Amino acid sequence: MNAVSRQRLVVIGNGMAGMRTVEEVLARAPVRYDITVFGAEPHPNYNRIMLSSVLAGEKRIDDIVINPLSWYAENGITLHTGDPVVAIDTAAKTVTAASGLCVAYDKLLLATGSKPLMPPLPGLDLPGVVAFRDIADTDKMLAAAQAKQRAVVIGGGLLGLEAAWGLKRRGMPVALVHLMPTLMERQLDVEAGTLLQRDLSERGLHFFTQAQTERVMGETRAEGLVLADGRTIPADLVVVAIGIRPNIDMGKAADLDINRGILVGDDMATSNPDIYAVGECVEHNGQVFGLVAPIWEQAKVCAARLAGDQIAAYATPALSTRLKITGIDVFSAGKLAAEDDADEEVIFRDASKGVYRKLVVREGKLVGAVMYGDVADGGWYFDLIKGERDIAQSRDHLIFGQGFAEQGCCGGAKAGLDVASMADDSQVCGCNGVSKGAIVKAITEKGLTSLDEVRAHTKASASCGMCTPAVQAILSFVTGADASAPEALCKCTDHGHDHVRHAILDQRLKSMDSVRKALGWKTEDGCAKCRPALNYYLLCAWPGEYVDDYQSRFINERAHANIQKDGTYSVIPRMWGGVTTPDELRAIADVADKFNIPSVKVTGGQRIDLLGVKKEDLPAVWGDLNKAGLVSGHGYAKGLRTVKTCVGSEWCRFGTQDSTGLGIKLEKLMWGSWTPHKVKLAVSGCPRNCAEATIKDIGIICTEAGYDMVIGGNGGIEVRVTDELTRLSTEAEVLEYASAFMQLYREEGHYLERTAPYVERVGMAHIKAHILDDDARRKALYARFLFSQSFAQDDPWAERATGGIDAHEFQPLAVVS
Amino acid sequence: MMDWIDIGTIADIPRLGARTVETHVGQVAVFRTGDDEVFALINKCPHKNGPLSEGIVMGRKVACPLHNWVIDLNDGTALAPDEGCTTTLPLRDEGGRLLLGLTPAKKVAHG
């Protein structure tokens with residue numbers, strides 16, 4: 001190495017485009033340059049795309065740093081943050097920063113990105129008006145969110161929607177003003193844009209479309225917007241997110257050719273051959289850039305040229321778009337609609353499931369795709385568009401997705417990505433242009449085992465993160481099942497839930513100590529996360545053998561009541577199927593009087609909750625309730641909670657079956673069982689579904705023909721409607737199938753994972769394979785459930801009220817007067 | 001002056017568990033670790049006054065049952081990133097009897 005011969009590369013702009021180019025230069029020509037980087041922001045290079053996730057509270061700033069300060073040091077890069085360059089002398093080949101620092105260059109790289117586009121509106125200079133561009137903007141928005149103010153966002157494109165959603169997630173009331181009739185009109189057709197608006201409206205965003213902003217209200221600070229039609233929208237925070245424009249200041253300073261952006265050729269050089277430019281500040285063939293994929297391509301070409309390559313040339317790749325709003329899936333690529341008679345549109349719409357797809361086909365090739373709701377096949381369509389593949393063979397099935405089009409049958413619900421059938425050149429990470437083949441190669445050659453390692457080596461899923469599940473699936477596929485649960489159970493171990501559960505069975509581990517010893521736990525007695533989990537896993541694996549570890553239970557399951565914020569408890573007796581009697585109600589009333597219980601409330605699960613019971617009174621309260629025949633409702637347990645029912649055919653003029661009776665049978669069968677998380681059931685007597693069975697862990701909907709069984713629903717934070725499992729004809733079948741699913745969940749669920757995420761994780765195909773496709777498996781699951789229940793159905797209240805179990809729990813050790 | 005009050009034996013407290021003692025300074029939680037060490041703290045989490053005696057004990061720490069703050073039994077401080085401190089009380093084992101010292105060991109401002 002000869003240090004004297006090194007050239008000087010100065011980079012203006014410490015953002016994603018500039019640093020990606022530097023990374024590529026270092027990879028190709030590690031000793032060619034002494035590198036100096038100037039950044040205007042006081043931070044190391046971070047992932048700007050993820051600012052919306054920071055805003056939404058899903059990530060912290062630390063999580064989105066791409067190149068930490070140590071990276072600059074390790075690579076011998078001189079970094080000046082918070083010191084923007086103010087002048088370029090192309091004759092002397094020097095740049096001068098705001099601090100007065102002057103640095104000479106042989107090659108200069110401009111990567112100054114873009115500025116927010118600000119419309120010429122009166123009032124935009126008022127405090128309370130922000131753009132959404134950098135960490136400082138994000139901090140301002142978070143401060144406003146913390147003050148619980150109201151926000152209005154101008155702009156219904158990607159950026160505006162992500163800003164609005166992030167603020168909404170932070171608890172602010174948010175309105176969004178958009179000039180066009182539908183949202184994201186440049187990436188979505190009218191139909192998908194309308195669905196998007198509908199779903200976001202349901203999540204509480206307020207929309208003003210076809211709305212022209214006239215001015216920002218307020219004298220000393222922003223107080224809202226006035227629209228051209230005279231309507232006003234009060235707000236304390238105004239976010240302007242209508243777009244970006246290339247930052248061409250440095251191009252002007254260096255007297256380069258400029259149009260909308262700094263003009264570059266296919267070699268990424270500007271009109272001055274020693275000055276290159278990449279990213280959002282450039283204009284190439286009349287096009288300016290805002291998405292990350294073409295910018296990575298520019299970085300690659302620019303680095304190659306800087307490393308001495310004379311051939312590398314940039315061409316804008318085909319682009320696809322996704323929206324980063326949790327739970328809202330949007331994808332588009334290529335044409336949004338037919339442009340002339342040669343284009344054909346193929347449309348698929350399932351309004352009730354909120355799924356919409358449109359494909360644009362031209363001369364036997366796919367040229368465009370718009371997807372809403374289910375976007376799992378987005379990557380596949382994008383591959384077809386980019387590859388310009390002939391689709392004549394599969395055209396009729398194309399709209400139903402890869403699984404259907406390639407196999408010609410649906411084979412039940414598709415569980416995630418089919419890695420095995422993916423072509424090696426199929427693109428997985430659109431941001432970084434990483435194919436399945438490249439990921440597989442890196443995993444096998446370098447022996448990678450974790451998602452972070454794959455990210456570090458391939459960059460796949462390192463930018464917007466949308467393809468993380470796909471990268472994870474490939475990792476699991478290559479390395480075996482273990483990698484699918486890379487998340488360690490807790491800090492005491494590196495093993496995931498599945499590994500621990502398998503080890504308990506395979507190695508016949510029957511105590512918590514032996515599990516910790518066999519699997520190399522890092523702590524002596526575990527922690528508040530793993531102890532309850534291990535206790536449950538052992539209880540589930542060895543019914544009748546393993547003795548429950550009382551001290552590894554959360555307080556609710558020790559005290560058999562729900563701790564409240566003031567340290568008192570709530571007591572919920574079981575009401576089988578929601579049915580009670582005057583005697584039971586009298587007993588409850590008497591207990592409430594006798595123990596001065598301050599609050600009595602009907603629960604959402606058709607039972608009665610006694611709130612504010614003192615801990616020392618619990619055994620006596622239970623004793624009195626027991627005398628009236630009432631037992632624990634397990635309202636505190638990771639176990640069977642309620643079975644909600646409607647009155648069914650016994651009373652209702654619409655009822656088709658005895659839903660109440662069936663609910664009681666299910667509850668009598670399942671009560672007392674411990675499960676990974678709480679389990680709620682419902683039985684509705686007709687498809688009107690008054691018992692709300694479609695948001696329960698297991699739901700039964702009676703029809704004239706029999707019983708529809710649905711599973712995996714949830715009415716909590718993230719509402720999930722159940723998936724249909726099967727249609728059954730007798731009550732006995734319902735009991736068997738429901739128990740089989742319950743046992744499958746008990747055996748495979750991760751501790752504290754409800755059935756909704758469990759079903760999403762393993763897929764309906766997996767569940768159907770165990771319960772529907774194989775009678776012997778189902779019957780074995782049913783038998784294991786019944787065996788487990790034979791040890792589980794003791795009323796914990798009776799054991800404590802009269803049996804003297806755990807008496808110490810309810811009495812002080814001593815009373816010092 | 002400190003009064004040493006006999007509150008019982010270590011066997012009265014479940015291993016990896018706690019019992020409470022009612023005193024004139026409020027409810028006190030007496031913990032027993034897996035190694036049979038014992039500690040006494042005012043039974044209030046510095047966060048929202050959650051009853052620490054109901055938490056899961058691990059090593060020399062307890063996780064509050066309300067919001068999972070982790071408190072060091074030795075000195076009552078909350079584990080980072082949480083900040084705060086619970087008052088500890090002196091506890092002696094004398095011939096198998098547990099003696100609680102009833103003038104608070106130290107007063108620490110709540111964080």
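Biologist: What is the handedness of the crossing where α19(A) passes α20(A)?
Modeller: In this predicted model, α19(A) passes α20(A) in a right-handed crossing.

Biologist: At roughly what angle do the axes of these helices, α19 and α20 of chain A, cross?
Modeller: The axes of α19 (residues 582–594) and α20 (residues 618–627) of chain A cross at roughly 155° and come within 9 Å. Because of that angle, α19(A) is roughly antiparallel to α20(A).

Biologist: Which residues meet there, between α19(A) and α20(A)?
Modeller: From α19(A), the residues are A:Ala587, A:Ile588, A:Val591 and A:Lys594; they meet A:Val621, A:Asp624 and A:Leu625 of α20(A). Sorted by class, this contact of α19(A) with α20(A) has five nonpolar and two charged residues, and no polar ones.

Biologist: Now α23 and α24 of chain A: how do their axes cross?
Modeller: Helix α23 (residues 755–762) and helix α24 (residues 764–771) of chain A have axes that come within 6 Å and cross at roughly 95°. The two helices, α23(A) and α24(A), are therefore roughly perpendicular to each other.

Biologist: Which residues make that contact?
Modeller: A:Tyr758, A:Val759 and A:Val762 belong to α23(A), while A:Met764, A:His766 and A:Ile767 belong to α24(A). By class, the contact of α23(A) with α24(A) has five nonpolar residues, one polar residue and no charged residues.

Biologist: Changing topic, how many aromatic pairs are there over all chains?
Modeller: Searching the whole structure gives twelve aromatic pairs. One of them joins A:Phe289 and A:Tyr314 in an edge-to-face pair, 6.1 Å centre to centre with 80° between the planes.

Biologist: Where do A:Phe289 and A:Tyr314 sit in the chain?
Modeller: A:Phe289 is in the loop between β23 (287–288) and α8 (292–306) of chain A, and A:Tyr314 is in the loop between α8 and β24 (320–322) of chain A. They are 25 residues apart, and the pair links distant parts of the chain.

Biologist: And A:Asp106, what does that residue touch?
Modeller: Leaving out residues up to four places away in sequence, A:Asp106 touches A:Gln7, A:Arg8, A:Lys93 and A:Asp274. A:Asp106 itself is found in the loop between β8 (102–104) and β9 (107–110) of chain A.

Biologist: How many residues apart in sequence are A:Asp106 and A:Gln7?
Modeller: They are 99 residues apart in sequence, yet 6.0 Å apart in space, C-alpha to C-alpha.

Key
Residues numbered from 1 in each chain as written. Chains lettered and ligands numbered in written order. Predicted model: local features only at pLDDT ≥ 70, side-chain atom pairs only at ≥ 80, totals over all residues. Heavy atoms only, no water. Axes fitted to C-alpha atoms, helices over the stretch in contact; angles between N-to-C directions. Helix = DSSP H or I, 4+ residues; strand = E, 2+ residues; numbered from the N terminus. Parallel < 35°, antiparallel > 145°, perpendicular 65-115°, else oblique. Left-handed = near helix turned anticlockwise from the far one by under 90°. Contact = heavy atoms within 4.5 Å. Nonpolar A, V, L, I, M, F, W, Y, C, P; charged D, E, K, R; others polar. Phe/Tyr/Trp six-rings, centres within 6.5 Å; stacked < 30°, edge-to-face > 60°.
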